[in-house]
Amino acid sequence: MDNFNFYSPTYFVFGKSRENEAGDYVRKFKGTRVLIHYGSGSVVESGLLARVKKSLANAGIWFTELGGVVPNPRSGLVYKGIEQCKENNIDFVLAVGGGSVIDSAKAIAIGALYDGDFWDFFTGKKIVEKALPIGTILTLTAAGSEGSSGSVITHENGILKRATGGEVLRPAFSILNPELTCSLPPFQTACGATDMMAHVMERYFTNSKRVEISDRLAEGILLTVINEAPKALANPLDYDARANLMWAGMVAHNDTCGVGRLSDWSTHQMEHELSGLYDVAHGAGLAVMFPAWMKYVMKHDVMRFAQFAVRVWGCSMDFQEPENTALEGIACYEKFVSSLGMPIRFASLGARAADIPVLVKNLGLAGKTLGNFVKLTEEDVTKIYELAV
Ligand code: NZQ
Ligand code: ZN
């Protein structure tokens, strides 16, 4: 197992109706002037936004608001939010929504304390060292941003989707009420399950040795999603299925199962180029890219893929030909995400083989490699995109 530091300071508030305590938690974490940030309408329609405002008002907290975040959140609204924070002396950003809203809130929180262009932090020009504190009220179980140190934003200028990260971006608190996710359409529920599994698998396929504790935690999270996602799809109001998925989504990405080992992340980066170019849902893009990546890199460590097949998918081990077991595991994964309603090939995303050179160029490798499990060159990445066609 590798050396590691693990800092996960978020205060989690989990369960039914807990959003009504939002004001208490903003106060607990010293927020006095709040920007409430939300998406394109679901929290208005559900009445959630009104309940959150009431809770803040009851706690005597001043607030202003900024809605309009879209999936694959754009830089334009981030600039607007930064200006709003500076004009109103905001000292706390409260995100009410899914991963896109939370990521947009994190970007605003960075920019509010910076005199230059917030995009500097997403191009690697600047390192995130300070940000306004943020709180989240999660409505979609998927990205794990409610517990993670990351943020992903798409710049309108060039349709580039880029990520940044920093310890200060971990939310001060996150309110997780599974009831809020019962209104999710099946497609978003399935995208969420696929994204959570991807967060675990990016960590699972590693060259680090003797990492049994994180292997077993990872397998437990995957098994939970495999069991619970179909239940949430069959009965969207199944509270316990939603609750199990909600906590699985958090532990899948706050790095509980990633410490002490080197993670990969090449599939996420290849997917971000698809989301950037075609504005596809992140989970759907991952369902297409993961099987292609697995097939391409499998031979690098057949036994790890065979372990995945046996422990996660219940395949029998073929000791004579372990490669058969490894391939069976990949087929099981593909069949599962497909059964959730996810696309597994380029065409269903609206992606085109002719655009592969653009996708590869946008990754900006310029002689560098991508990922850690296998260090992928531009030629490898091209072949993986081709496999996804
Ligand atoms: O905008 P509203 O009206 O709220 O509608 C949203 C949106 O259209 C809707 N929705 C959310 N909660 C709902 C609901 N509809 C009905 N009932 C509810 N309770 O769902 C749609 C999708 O929302 P979005 O926030 O875009 O989805 P998700 O949570 O999957 O977030 C995806 C974003 O997170 C990034 C992705 O790249 C993508 O941009 N990621 C962020 C990460 C991080 N910060 O650590 C890591 C991830 O790997 C990921 O890259
Ligand atoms: Zn993801």
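A: A salt bridge is counted when a side-chain nitrogen of Lys or Arg lies within 4 Å of a carboxyl oxygen of Asp or Glu. The model is predicted, so that local features need pLDDT of at least 70 and side-chain atom pairs count only at pLDDT 80 or more, whereas totals for chains, interfaces and linings use all residues. Residues are numbered from 1 along each chain as its sequence is written, chains are lettered from A and ligands numbered from 1 in the order in which they are written, and side-chain values use heavy atoms, with hydrogens and water left out.

The whole structure contains 19 salt bridges. One of them pairs the side chains of Glu 212 and Arg 311, with an N to O distance of 3.6 Å. This pair links distant parts of the chain, for Glu 212 belongs to helix α7 (residues 212–234) and Arg 311 to helix α11 (residues 302–313), 99 residues apart. Helices here are DSSP runs of H or I with at least four residues, strands are runs of E with at least two, and both are numbered from the N terminus. Glu 212 is partly exposed at 38% relative accessible area, and Arg 311 is likewise partly exposed at 26% (buried is under 20%, exposed over 50% and partly exposed in between, with a 1.4 Å probe and protein chains only).

Arg 311 also meets Glu 219 in a salt bridge of 3.0 Å, N to O. Here too distant parts of the chain are linked, with Arg 311 in helix α11 and Glu 219 in helix α7, 92 residues apart. Glu 219 in turn pairs with Arg 216, their closest N and O atoms being 3.7 Å apart. Glu 219 and Arg 216 are three residues apart in helix α7, and therefore about one helical turn separates them. Glu 219 is buried, at 3% relative accessibility, whereas Arg 216 is partly exposed at 46%. Through shared partners, salt bridges join Glu 212, Arg 216, Glu 219 and Arg 311 into one network.

A nonpolar surface patch is formed by Met 1, Phe 4, Phe 6, Ile 213 and Leu 217, which together have about 490 Å² of accessible area. Patch members have over 30% relative accessible area and no salt bridge, with like charges joined within 9 Å and nonpolar side chains (Val, Leu, Ile, Met, Phe, Trp, Tyr) within 5 Å; the areas come from the Shrake-Rupley method with a 1.4 Å probe, and for residues only the protein chains shown count as cover. Phe 6, in the segment before β1 (11–14), is partly exposed at 41%.

The ligand sites complete the account. Asp 195 (OD), His 199 (NE2), His 268 (NE2) and His 282 (NE2) coordinate the zinc ion (ligand 2) at 2.0 to 2.1 Å; donors are N, O and S atoms within 2.8 Å of the metal (3.2 Å for Na, K and Ca), and sites may look incomplete without water. The donor residues follow the spacing D-x3-H-x68-H-x13-H. Asp 195 in helix α6 (residues 186–204) and His 268 in helix α9 (residues 266–278) are 73 residues apart and link distant parts of the chain. Both Asp 195 and His 268 are buried.

His 199 also has a side-chain N or O atom 2.7 Å from an oxygen atom of ligand 1. The protein covers 88% of the 960 Å² of accessible area that ligand 1 has on its own.

Note on methods. A polar contact is a pair of N or O atoms within 3.5 Å; within protein, one must be able to donate a hydrogen and the other to accept it, and residues adjacent in sequence count only if both atoms are side-chain atoms.
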